[in-house]
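Student: I would like to learn how to read the packing of helices in a model, starting from the geometry and going on to the residues. Could you take me through it step by step?

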Amino acid sequence: MRDRDVMNLLDQLELYTLDAARREKSQEDYWLFVYKSMKSGLLMTKNMEKHLRYKLKGLGVQV
């Protein structure tokens with residue numbers, strides 16, 4: 001994982017947080033956003049994907 005990729009993810013999380021402050025967001029929305037951001041940025045390891053899928057499933061979200 002490159003530092004630039006991690007910084008891009010952190011920037012996306014910051015924007016999500018700022019947007020969430022203006023609107024009501026749920027835990028499901030947050031984790032789905034993290035999953036999609038990591039997947040699209042190619043930052044996700046197999047173990048991370050497995051963990052996030054498990055977490056989303058527990059929240060009732062289908063990926």
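Tutor: We begin with axes, which are lines fitted to C-alpha atoms, for helices over the stretch in contact, with angles that run from 0 to 180 degrees between N-to-C directions. Contact itself means heavy atoms within 4.5 Å, and helices (H or I, at least four residues) and strands (E, at least two) are DSSP runs numbered from the N terminus. In this structure the axes of α1 and α2 come within 11 Å and cross at roughly 155°. Angles under 35 degrees count as roughly parallel, over 145 as roughly antiparallel, 65 to 115 as roughly perpendicular and the rest as oblique, and α1 is therefore roughly antiparallel to α2.

Student: What should I know about the origin of the model and its numbering before going further?

Tutor: This is a predicted model, in which local features need pLDDT of at least 70 and side-chain atom pairs count only at pLDDT 80 or more, while totals for chains, interfaces and linings use all residues. Residues are numbered from 1 along each chain as its sequence is written, and side-chain values use heavy atoms, with hydrogens and water left out.

Student: How many helices and strands does the protein chain have?

Tutor: The protein chain has three helices and zero strands, and along the sequence the pattern reads α-α-α. Its C-alpha trace spans about 30 × 25 × 10 Å along the principal axes. Among contacts in the protein chain with a separation of 6 or more, 43% are accounted for by residues 24 or more positions apart.

Student: Is the crossing of α1 and α2 left-handed or right-handed?

Tutor: A crossing is left-handed if the near helix is turned anticlockwise from the far one by less than a right angle, and right-handed if clockwise. The crossing of α1 and α2 is right-handed. On the α1 side the contact is made by Leu9, Gln12, Leu13 and Tyr16, and on the α2 side by Asp29, Tyr30, Phe33, Val34, Ser37 and Met38. Ala, Val, Leu, Ile, Met, Phe, Trp, Tyr, Cys and Pro count as nonpolar, Asp, Glu, Lys and Arg as charged, and the others, Gly among them, as polar; the residues of this contact divide into seven nonpolar, two polar and one charged.

Student: At what angle do α2 and α3 pack?

Tutor: Here α2 and α3 pack at an angle of about 155°, with their axes 10 Å apart, and these two helices are therefore roughly antiparallel to each other. The crossing of α2 and α3 is left-handed. From α2, Glu28, Trp31, Leu32, Val34, Tyr35, Met38 and Lys39 meet Met48, Glu49, Leu52, Arg53, Lys55 and Leu56 of α3. By class, this contact has eight nonpolar, no polar and five charged residues.

Student: Which residues form the largest nonpolar core?

Tutor: A nonpolar core is a set of buried Ala, Val, Leu, Ile, Met, Phe, Trp, Tyr and Cys residues joined through side-chain atoms within 4.5 Å, where buried means under 20% relative accessible area, exposed over 50%, and partly exposed in between (1.4 Å probe, protein chains only). The largest one here has ten residues, namely Leu9, Leu13, Val34, Tyr35, Met38, Leu43, Met44, Leu52, Leu56 and Val61. At least two residues of this core come from each of α1 (3-22), α2 (27-40) and α3 (46-58), and α2 gives the most, with three. Leaving aside neighbours within four places in sequence, Met38 is in contact with Leu9, Leu43, Met44, Met48 and Leu52. Of the 63 residues of the protein chain, 24% count as buried.

Student: Is Tyr35 buried or exposed?

Tutor: Tyr35, which lies in helix α2, counts as buried at 5% relative accessibility. Beyond its neighbours within four places in sequence, Tyr35 is in contact with Met44, Glu49, Leu52, Arg53, Leu56 and Val63.
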